[in-house]
Amino acid sequence: MNKTRLILAGGFLGAGKTTLLWEAAKRLMAEGKRVGLVTNDQAPELVDTHILQGDDIKVEEVAGSCFCCNFNGFVDAIKNLRTDIVADVIIAEPVGSCADLSATIVNPLKKFYSTDLIISPLTVLADPSRLCSILQNGDGGLHEDAAYIYRKQLEEADVILITKTDTLTKEQTDKILSDTQQTFPAAKVMAISSAEGVGVYEWLQEVSSRTEAGKTLLDIDYDRYAHGEAVLGWLNGTLHLEGEGICWDDVLKDIMSRLTSAITSESLRVGHVKLIMECGKDYAVTNLTGADNQTTLRGKAGMAGDAKLIINARVETSPEHLDQLVRNVLADSLPDNCQEEVLAWRYLQPGRPNPTHRFNETV
Ligand SMILES: Nc1nc2c(ncn2[C@@H]2O[C@H](COP(=O)(O)OP(=O)(O)O)[C@@H](O)[C@H]2O)c(=O)[nH]1
Ligand SMILES: [Mg+2]
């Protein structure tokens, strides 16, 4: 079997990784390539996996731990995609609060799996609203130790990909490109808008043609890294909803609007909150993200008799408080004639990262 190209697209929560995976996979498939995707989270029931799973795309989910702490789980996911679809290209999205990927993933893969894989340069995506603040030594709307993780992610990148340029003017894009390049000279800095399809082809060209990957090994304080992750409460919940004459899009909008109000009124900092409402093959997704707590909504779920709601929330508060906050919002939002059944419900605080491998030298 031919070697598979593995592209790792990291970056902080809400940076635009899943959206890029989808855009990139569509383009590669249009060129006749077999594409597999790998998602990753601290707990099962990921909105991302549901967004990406389509008739043509095979998605593997590594849940319950990040790639670096479950290296073998990640390798199994890669092996499955090589066996099941004979993948030419695999694009993987690590957990957004994860750093030190060069030492714990990229270099170990180069050492142990170079007969099966060609490893692309490590790409780190950055949302411009957080990045602007970080470049000015701000906190990017994050706890200082979460902002530390954000900086470390950029520091180890082979490629820094500034996302969402459709929200910037040409002058703003040029300025953030040059400021980022100046601050992180070791990386190749590029910009994209997945929403408008701008720069996606150029990024794919860059990561598909270059072979040097994981050039920078971080000097990182694992105590600060662990604390930066632990300040976020993590909640993944899945509900089956049933009721006649209910517009599920309105329900979704109401839940997000109440969640945003509750989070804002308590001045809680947000990593990323995303919800998906699925009705058969139709779905709507809403996100709350960025340094400025923007919300987005796309798709349409419709009015079928039943729906599935998945909630993924990463918010700077205790997991118990996040659990209560989301429960209160659901109690207020769900219509009286809606019956709900909880299919899965997990809230947690990420544990201290304990990577399977950690290389001190590049391969
Ligand atoms: N305006 C704009 N929004 C984007 C773009 N890419 C992603 N987003 C939005 O950013 C939010 C987070 O995106 P997602 O791909 O889930 O980020 P992830 O957490 O890094 O996987 C969502 O609301 C997306 O719709 C883009 O190119 N332009
Ligand atoms: Mg994602």
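A: Let's start with what a contact is here: two residues are in contact if their C-beta atoms, placed from the backbone, lie within 7 Å. Helices (H or I, at least four residues) and strands (E, at least two) are DSSP runs, numbered from the N terminus. This is a predicted model, so local features need pLDDT of at least 70 and side-chain atom pairs count only at pLDDT 80 or more, while totals for chains, interfaces and linings use all residues. Residues are numbered from 1 along each chain as its sequence is written, and chains are lettered from A and ligands numbered from 1 in the order in which they are written.

Now the pair H10 and H11. On the H10 side, Val-251, Asp-254, Ile-255, Arg-258, Leu-259 and Ala-262 meet Leu-325, Val-329, Leu-330, Asp-332 and Ser-333 of H11. Those contact residues split into seven nonpolar, one polar and three charged (Ala, Val, Leu, Ile, Met, Phe, Trp, Tyr, Cys and Pro count as nonpolar, Asp, Glu, Lys and Arg as charged, and the others, Gly among them, as polar). H10 covers residues 248-265 and H11 covers 319-333; their axes come within 9 Å and cross at roughly 135 degrees. Axes are lines fitted to C-alpha atoms, for helices over the stretch in contact, and angles run from 0 to 180 degrees between N-to-C directions. H10 and H11 are therefore oblique to each other (angles under 35 degrees count as roughly parallel, over 145 as roughly antiparallel, 65 to 115 as roughly perpendicular and the rest as oblique). The crossing of H10 with H11 is right-handed; a crossing is left-handed if the near helix is turned anticlockwise from the far one by less than a right angle, and right-handed if clockwise.

H5 and H7 (residues 170-183) cross in a left-handed way. Their axes sit 11 Å apart at an angle of about 50 degrees, which makes H5 oblique to H7. Here Pro-128, Leu-131, Cys-132 and Leu-135 from H5 meet Ile-176, Asp-179, Thr-180 and Thr-183 from H7, a set of five nonpolar, two polar and one charged.

Then there's H1 with H8 (residues 200-209): the axes come within 10 Å and cross at roughly 75 degrees, so H1 and H8 are roughly perpendicular to each other. Glu-23, Ala-24 and Arg-27 in H1 meet Val-200, Tyr-201 and Leu-204 in H8, giving four nonpolar, no polar and two charged.

H1 also leads us to the ligand. It gives the most to the shell around ligand 1, with three residues. That shell counts 21 residues, the closest being Lys-17, Thr-18, Thr-19, Ala-195 and Asn-287 (near means that the C-beta atom, placed from the backbone, lies within 6 Å). By class, the ligand 1 shell has three nonpolar, 14 polar and four charged residues. At least three of its residues come from each of domain 1 (4-228) and domain 2 (232-348), with bounds taken from an automatic or database domain assignment.

As for the two domains themselves, their centres are 25 Å apart, taken over C-alpha atoms. Their contact takes 21 residues from domain 1 and 23 residues from domain 2. On the domain 1 side, the elements that give two or more residues are H2 (47-52) and H5 (128-135). That side divides into eight nonpolar, ten polar and three charged residues.
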